[in-house]
Amino acid sequence: MQWKVPLLVGLIVLRTHVCSCKFVDIDKNSKDFASAVEYAVFQFNEDQEDEFAYKFLQVRRSQHKRWTLIYLMDLEMGRTVCKKHDEDIDNCPLQEGTGEKMV
């Protein structure tokens, strides 16, 4: 009987931990989420073989995994006329015509 109590407590704690680590909607205007978006856009541009930079346009989904620094985001971005290492990509116009791309 004595070994059943710690086992039961362990299972309850484990179940609570597993259930609490789901993604939940968060405010897309939060400071931490804004930093995560900025980093995600930077990494996206760095990983692309395209010479042109993509800039952030809007957030479609913003979620956070509880008790972690893991974010799930669905972003809309557009291809700009600026190169990916230019200074001010946020103020760079989007490409139009044949070069226009949205991701």
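**Group meeting: the pocket and the sheet**

Okay, let's start with the lining of the largest pocket: seven residues are nonpolar, two polar and eight charged. Here Ala, Val, Leu, Ile, Met, Phe, Trp, Tyr, Cys and Pro count as nonpolar, Asp, Glu, Lys and Arg as charged, and the others, Gly among them, as polar.

Quick caveat: this is a predicted model, where local features need pLDDT of at least 70 and side-chain atom pairs pLDDT 80 or more, while totals for chains, interfaces and linings use all residues. Residues are numbered from 1 along each chain as its sequence is written, and side-chain values use heavy atoms, with hydrogens and water left out.

Back to the pocket, which holds about 350 Å³ of space. By pocket I mean an open set of points on a 1 Å grid over the protein atoms alone, where a 1.4 Å probe fits, with protein on both sides within 12 Å along at least five of seven lines; lining residues have an atom within 4 Å of a point. Points are joined across faces, edges and corners, and the volume is what probe spheres set on them fill. Of the 17 lining residues, Glu38, Val41, Phe42, Ile89 and Asp90 sit closest to the centre. The largest share, seven residues, comes from α2.

Now the sheet. It's open, three strands, order β1-β2-β3, antiparallel pairing; strands are DSSP E runs of at least two residues, helices H or I runs of at least four, numbered from the N terminus. Pairing takes at least two DSSP bridges, and β2 and β3 share 10.
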